[in-house]
Number of protein chains: 2
Amino acid sequence: MQTKPMALTLEQLNSAPSDQALAWLGGIYEHSAWIAQGALAKRPFASLAALKAAMADEVTHAPHDQQLKLICAHPELAGRAMVSKTLTAESTHEQQTAGLTACSPEEFETLQTLNARYKEKFGWPFILAVRGPRGTGLSRTQIIATLARRVQGHPDFEMQECLRNIHRIAEIRLKDLFACNSALGDEVWDWHQSLAQYSEPDYAARGELTVTYLSQAHQACAKEISERMQACGFDEVHIDAVGNVVARYLGSNPDGKTLLSGSHYDTVRNAGRYDGRLGIFVVIAAVQALKRRQTRLPFHIELVAFAEEEGQRYPATFLGSSALVGDFDTAWLSQTDADGVSMLQAMQRAGLDPQAIAGLQRKPSDYLGFVEVHIEQGPVLNEMNRPLGVVTSINGSVRLQCEVTGMASHAGTTPMNRRRDAAAAVAELSVYLEQRAAQEANLVATIGQWQVPNGSINVVPGRCLFSLDMRAPSDAQRDALSHDILQRLRDICSERGVRCEWEETVRAAAAPSDAGLQSRWEQAVAELGLPIHRMPSGAGHDAMKLHQIMPQAMLFVRGENAGISHNPLESTTSDDMQLAVEAFSEFLQLLCTDHL
Amino acid sequence: MQTKPMALTLEQLNSAPSDQALAWLGGIYEHSAWIAQGALAKRPFASLAALKAAMADEVTHAPHDQQLKLICAHPELAGRAMVSKTLTAESTHEQQTAGLTACSPEEFETLQTLNARYKEKFGWPFILAVRGPRGTGLSRTQIIATLARRVQGHPDFEMQECLRNIHRIAEIRLKDLFACNSALGDEVWDWHQSLAQYSEPDYAARGELTVTYLSQAHQACAKEISERMQACGFDEVHIDAVGNVVARYLGSNPDGKTLLSGSHYDTVRNAGRYDGRLGIFVVIAAVQALKRRQTRLPFHIELVAFAEEEGQRYPATFLGSSALVGDFDTAWLSQTDADGVSMLQAMQRAGLDPQAIAGLQRKPSDYLGFVEVHIEQGPVLNEMNRPLGVVTSINGSVRLQCEVTGMASHAGTTPMNRRRDAAAAVAELSVYLEQRAAQEANLVATIGQWQVPNGSINVVPGRCLFSLDMRAPSDAQRDALSHDILQRLRDICSERGVRCEWEETVRAAAAPSDAGLQSRWEQAVAELGLPIHRMPSGAGHDAMKLHQIMPQAMLFVRGENAGISHNPLESTTSDDMQLAVEAFSEFLQLLCTDHL
């Protein structure tokens, strides 16, 4: 084996003879030099991110058998291979870093049992990037919990999850090889960690994160965020009348316009750590970098950490961004929480002045627009091995609560052609709904709640309650989707002689991205050497509210664990965070060029 | 209008000139002489039942518009028409009999409000045969409750329900016209009424009927049944070791064989009055008629009122008939009820001797076979306007509890092609299951329980629990049905990348009717002038157990209210009961001819 240079550079890799390059990269993917070989044919690489993407694509495009061979080339975690000769130096180092070689006998036995169950179920060894999303190593408890969770999964999904972990292992090995770090990303990661220390007592006691509007934990978050903003170089920081933390980094021209950015710092109950907060910290890190370089841009940057987006404490949602667009309904002030505390009382107790909310409305002509960075909250980037995605539109949505009433009857004595089966009608709708949504790109339709009240094994369902959630990138598409699905429901019910009723509970307009802002996100991503992936946002975001008064465009950051969200398993890596900060900095640069 | 004779005879009707016959029957269906006209073309009629069937068929085969006109020809119940000139003498008489002209102001207002809602929803007046199933008139409370219930229904169903009530009104008018009665049917009806006085205290307090194995109410029922058997002329009556009430009506030849009949007297919770008991009382009435005529048959009749069939108090079911076929598992004796009382204790407290159960097993060679009369518990005879149905087979069944596990994910951010929607998989199965069951006559398959645990409107279902109930007239058909449905479930789950698991909870063999006994039921029905309708039994019955050791065949009696069962709305008319008694007597006669 060739001796590796102490710190390889991209220039060296790009210009080295094939044999030499392969010697450097051959071990990045365990015992699978074919991956490096395929990727190296695509030299030169503009960035390390581009090299990673090229290697990941080799795996993605490989046949199933070869992917399986790659997985099986890995040693069992803390298994018998730990003491065998087949373990590579890299693997030994990684497993040691995770402290796996220091397992207690009980932990070792648990791992062995789970490994055996895993191997029996899937036929390949459990693969986990044990250095974790921050690169500093998962704890043994985390590793065991992950194995216990993943052994439950579906084989197709689990195989992909193994490949994703292999890409993550490769990513960390490349960082070592190129002696590079993700210092900005690590910092942003740590800020999330620090902010997650504030959680409401009942949840904190269970180790869960919950920060609802104006709770003590929420106010502590606002304080930490405002201090972080000040420490990182923002010129003006204050908490506004609705609880938003507002910071300005002034531009070189006092009369210049302002770029608005932000996301929310409240959470759902038992939340992940990155939802909303990532869009605050990425901007703080980018401004910190400007400040360190003593750079002023030809426009101001205004960052708003929105106080409320999730609608957890009160029925009303998007309180923070609503205030900025003049859409804060004062009737909301009399809404009460589960303890009977009105929103007005909660604001007064927190020292906020509800009278001043109307004055928070922004004047669109002062602004260049609004941009928001957010974790994807979905599986797409994770599945595609893409760290960043450019949002084309925030989907419009309609939600309905529905009920079909047929006639309950004896399951044995009621012939098939004499039934009025309420659940079978919904089943027929479900099949249509899937087909209809799949007809156009980026439409989704879901029956999330589905219940036959007091159903019995021997009774034909007389009632079925269900929900409908339909989303599309434009209002016209959403309305056509909703029209077709409801028309089909009517037809099915008429054919089956059952009744249906529904109530619309949500109707939100689509927010297409501004073409100019979106194209700058695309350029920024391309500058990092990353493939551009365009996608709609299926979830609602503060940008949707800002869209009412100014152009907007969002950037998505990949979520781990199939993009799970509103869940403690929500995660992203510090390397992806680094890329998000770099993309935001690029975005600012591109905007400067336009405004110089 | 022609003057009616005091009591028309069928001979007179069959031989009268058309004009005269039409004058007699023209008013049987309100303002709709076309029905009589059509039916009279089919003279001569063998029985009043045949005439009724012919008239009902005229309505069934009429176009929808004409059916609607027939409905609209009826006055509104207790409505403004009550004081108008449009009410026929018959209608006035019927509504007076029901006491509707003596409504309190509150009752009248309730009726008016419901009538208005009904008329607005359906566009036709509410039709109810106010003289009720016994012909003696419904109470005002019953009438108002029926209107309040039926106003909830589906228009298609409600229109048919109106037509069925019109047929019932016609049936009662014909009885008046022919001055005939259903004295045997009325008596059988009243026996049910009397037996329904015994109910367990908690249920009795709510006016509900519940008689589970060996409760006080159950023992009171056994006593009343045994007294009724003795009073009606059975020669030997006793309560056996399992609680069955066993009676014998001896034949003319002491060495002759025995015809076994019977059904159960226990009930489900909040039961109807006719399930099981009808098959006891019909035989008692037939034997009473024999005894009154001092007739002895060339075979003995053994009637068993089975103590337990419904499996309500203990997990085991068919306790009564199991004992007769040597299938009573002594392990059941240690099963406990909700209060911890074992079956053994319950039997001892009731003075029964569990040791003697084994001795109850019958010797097949002593018997001609087993016949059972039972209320249909389904909608078929009710919809077809047929009072009796001949059973071809008791369907075999399989029941499963199933679970599909997919992956819960965000309904907005998970593209359609990346979902592992557990409920959508079950929906696809539901559509297939309906198609598969409909491919062959008399198969049924049902998903009765259907639940997405903790479903949210914005979460793709990660789990779906459901039940499967599949039944068929033969075991081979049942197994093919079950095989195809489970194979489709496997395929769907494999295509969708979700997992499925199931547990079989019930597997019961089919019990095809004995050809000889079935053909005698058919002849008996035909002798009454009724069309023969053959049908399988979708529900299980004691005959299914007796099938293990001797030939069996069942007769079904039409249920009102779409054949609803295990519900206080379960009902049949005293006229249908009369026909059942007549059919059973005919059946005995046919068997005599064979054995003389």
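**The largest cavity and its setting**

A: The structure holds 8 cavities of 30 Å³ or more. A cavity here is a set of points, on a 1 Å grid over the protein atoms alone, where a 1.4 Å probe fits but cannot get out. Grid points are joined across faces, edges and corners, and a volume is the space filled by probe spheres set on the points. This is a predicted model, in which local features need pLDDT of at least 70, side-chain atom pairs count only at pLDDT 80 or more, and totals for chains, interfaces and linings use all residues. Residues are numbered from 1 along each chain as its sequence is written, chains are lettered from A and ligands numbered from 1 in the order in which they are written, and side-chain values use heavy atoms, with hydrogens and water left out.

The volume of the largest cavity is about 280 Å³. Its lining (residues with an atom within 4 Å of a point) has 21 residues, of which B:Lys52, B:His167, B:Glu171, B:Asn385 and B:Arg558 are the closest to the centre. Two or more lining residues come from each of α4 (48-61), α9 (155-177) and α21 (574-595) of chain B; helices are DSSP runs of H or I with at least four residues, numbered from the N terminus. The largest contribution, 6 residues, is that of α9(B). By class, 10 lining residues are nonpolar, 4 polar and 7 charged, where Ala, Val, Leu, Ile, Met, Phe, Trp, Tyr, Cys and Pro count as nonpolar, Asp, Glu, Lys and Arg as charged, and the others, Gly among them, as polar.

Domain 1 (10-177) and domain 2 (185-393 + 512-594) of chain B each give at least three residues to this lining; the bounds come from an automatic or database domain assignment. For chain A, the assignment gives domain 1 (10-177), domain 2 (185-393 + 512-594) and domain 3 (396-509). In chain A, the C-alpha centres of domains 1 and 2 lie 33 Å apart. There, 18 residues of domain 1 are in contact (heavy atoms within 4.5 Å) with 20 residues of domain 2. The area buried between these two domains of chain A is about 1500 Å², with 47% from carbon and sulfur atoms; buried area is the accessible area (1.4 Å probe) that two parts lose on being put together, summed over both. A:Pro133, A:Arg134 and A:Arg164 supply 38% of what domain 1 of chain A buries against domain 2, more than any other three residues.

In chain A, a cis peptide bond joins A:Arg43 and A:Pro44.The two chains are related as follows. A rotation of 180 degrees with 0.1 Å of shift along its axis superposes chain A on chain B, at an RMSD of 0.1 Å, by least squares on the C-alpha atoms of residues with pLDDT of at least 70 in both. That is the relation of a two-fold axis. In chain A, the residue that comes closest to the rotation axis is A:Ala427, at 2.1 Å (C-alpha). The same surface serves both copies, as 100% of the contact residues of chain A recur in chain B. Across the interface, 64 residues of chain A are in contact with 65 residues of chain B. The area buried between the chains is about 4900 Å², of which carbon and sulfur atoms give 60%. On the chain A side, A:Met416, A:Trp450 and A:Ile457 lose the most area to chain B, together 15% of what that side buries.

Definitions and conventions:
On a 1 Å grid over the protein atoms alone, a cavity is a set of points where a 1.4 Å probe fits but cannot get out, and a pocket is an open set with protein on both sides within 12 Å along at least five of seven lines; lining residues have an atom within 4 Å of a point.
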